[in-house]
Amino acid sequence: MHKYILAAMLLSAPAFGANGILIQKGNQQYVVIPDCQISEDVKDVKVRRLHVGAPVHMKHKGRLVRCRIEEIEELR
């Protein structure tokens, strides 16, 4: 199985009630809710697999922070 990195954008907390990451895969969009708090100064987000429990890697103040996907919602 090939691993790949999906394009990701951070979403603001008020829009979804929690911090979320917007992922575009082809013509589909997903909102991924990680089990950790996302700060506004996070610059780089990497999601390799799109399923609950998969790792999410973020760069925060020069450090690599790792958390897991808690919930996935498909946008239509």
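The model is predicted, so local features need pLDDT of at least 70, side-chain atom pairs count only at pLDDT 80 or more, and totals for chains, interfaces and linings use all residues. Residues are numbered from 1 along each chain as its sequence is written, and side-chain values use heavy atoms, leaving out hydrogens and water.

**Arg48.** I looked up Arg48 and found it in the loop between strand E4 (44-47) and strand E5 (55-60). Arg48 counts as partly exposed because its relative accessibility is 35%.

**Whole chain.** I noted 1 helix and 6 strands in the protein chain, in the order β-α-β-β-β-β-β along the sequence. Helices (H or I, at least four residues) and strands (E, at least two) are DSSP runs, numbered from the N terminus. Of the 76 residues in the protein chain, 30% are buried.

**Ile69.** Next I went to strand E6 (residues 63-75), where Ile69 is found. Is Ile69 buried or exposed? Ile69 has a relative accessible area of 3%, so I wrote it down as buried. I then checked Pro34: Ile69 and Pro34 are 35 residues apart in sequence, yet 4.3 Å apart in space, C-alpha to C-alpha. Leaving aside neighbours within four places in sequence, I listed contacts (heavy atoms within 4.5 Å) of Ile69, among them Val32, Ile33, Pro34, Val47 and Arg49.

Conventions. Buried means under 20% relative accessible area, exposed over 50%, partly exposed in between (1.4 Å probe, protein chains only).
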